[in-house]
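Hello,

I am passing a structure on to you, and I hope you enjoy looking through it. Please open it first; my notes follow below.

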Amino acid sequence: MLIKRRRAWELPESAATPEDIYMNRRQWLKAAGLAGLGLAGNSALASGAMAAIGGYPFERNDAYRLDRAITDEEEATTYTNFYEFGSSKNIWKKTRDMVTDPWAVTIDGMVETPMTLDAEQLVHAMGGFEERLYRHRCVEAWAMAVPWSGVPLANLMKVAKPLSGAKYLRMETFLDPDVAPGQKQVWYPWPYVEGLTLKEAQNELAFLATGIYGKALPNQNGAPIRLVVPWKYGFKSIKSITRFTFTDERPVSFWEELAGNEYGFWANVNPGIPHPRWPQKSERLLGTDERVPTMMFNGYRDQVEYLYSAMQVSSPRELYY
Ligand code: MTE
């Protein structure tokens, strides 16, 4: 297969904005916009901030195989959950006005040097672009199987350089009710937050996706960068990330804060744990009427079980809550 890969370039020291001159997101985006027009003096921003993440399609890593057909592209990109734009599955058109390039991402908390940089700079600094076929299982009992493009989340450690006491990675989505009208619904604890242990974040399956179906992510699927953790229920796979915070405190996620008795921190897929709203023993394949049995860890037991064996759980429930 012809691999059209964008030339990888190193993240120059100057490309990251240290926390002491940290600007808020709007200020950063304004500066990046000016840089792209050649108006600002910051050459580091000008060099990378205005170009979209490109280079698709990436070479597929055949280590990740499916037991089912790839979901129809139109189904996977028009039936989406993105509560920032509304609670229906049909919100994809409403995401069109979200500007994803440039896209400021802050890395902070327990790291050697806090920084704010563009999403494109971040993923190039992380490196390891490839395509992977993964199953995805939503707690609402629908499932899909899609080709994601992106980089291993473990490579974030190379850029962020977490301090030895950091135990968790907290991730946050943008907050901008003017762009995302769902965020005007004040009963939700915006912004959307998710978290992993650092060990989970370094697991081989944890992936930072920039694309789907061999193209850049459409906005509704979480452009320009979103998490993919296929052994967990879909709500863990946070979209349109703007902040990675390294911490020694377990983050409280968006859904956990809303209903911790329904949406656990661990949220490992488990057909044996009943959910008050949706059946968990089987799942509907998106775009079909077919139901298939749900698998423990969504079929990724071999890759992830070691993460939880030391937890000495008394019941599988603890791997969910
Ligand atoms: N991330 C954000 N920021 N907002 C959301 O509403 N929904 C989650 C997850 N990530 C969500 C999110 C849920 S419930 C699921 S099932 C997946 O995204 C859906 O991903 P998809 O729409 O790309 O299939």
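Which residue in E9 is the bridge partner of Gly211? In E9, that partner is Ala216. Before going on, a word on the ground rules: this is a predicted model, in which local features need pLDDT of at least 70 and side-chain atom pairs count only at pLDDT 80 or more, while totals for chains, interfaces and linings use all residues. Residues are numbered from 1 along each chain as its sequence is written, and side-chain values use heavy atoms, with hydrogens and water left out.

Buried here means under 20% relative accessible area, with a 1.4 Å probe and protein chains only. Helices (H or I, at least four residues) and strands (E, at least two) are DSSP runs, numbered from the N terminus. Two strands pair if DSSP finds at least two bridges between them.

E8 pairs in the antiparallel sense with strand E5 (residues 142-152) over 5 bridges, and Ile212 of E8 is the bridge partner of Trp148. With strand E10 (residues 226-228), E8 has 3 bridges, again antiparallel; there Ala209 stands opposite Arg226. Strand E9 (residues 215-216) joins E8 through 2 antiparallel bridges. The hairpin of E8 and E9 has 2 residues between the strands, and Tyr213 in that hairpin takes a positive phi near 55 degrees.

**The ligand**

Arg226 comes up again here: one of its polar side-chain atoms lies 2.9 Å from an oxygen atom of the ligand. Taken alone, the ligand exposes 530 Å², of which the protein buries 99% (Shrake-Rupley method, 1.4 Å probe). An N or O atom in the side chain of Glu84 is 2.8 Å from a ligand nitrogen atom, and for a polar side-chain atom of Thr173 the distance to a ligand nitrogen atom is 3.0 Å.

**The nonpolar core**

The largest nonpolar core holds 84 residues, among which Ile107 and Phe244 touch the most other members. E5 gives the largest share of this core, 5 residues. Such a core is a set of buried Ala, Val, Leu, Ile, Met, Phe, Trp, Tyr and Cys residues joined through side-chain atoms within 4.5 Å.

**One more residue**

Ser253 sits in the loop between strand E11 (241-247) and helix H7 (254-259). Ser253 counts as buried because its relative accessibility is 1%. Leaving aside neighbours within four places in sequence, Ser253 is in contact (heavy atoms within 4.5 Å) with Val193 and Glu194.

Best wishes

Technical notes:
Buried < 20%, exposed > 50% of the residue type's maximum accessible area, 1.4 Å probe, protein only. Polar contact = N/O pair within 3.5 Å; in protein donor to acceptor, adjacent residues only side chain to side chain.
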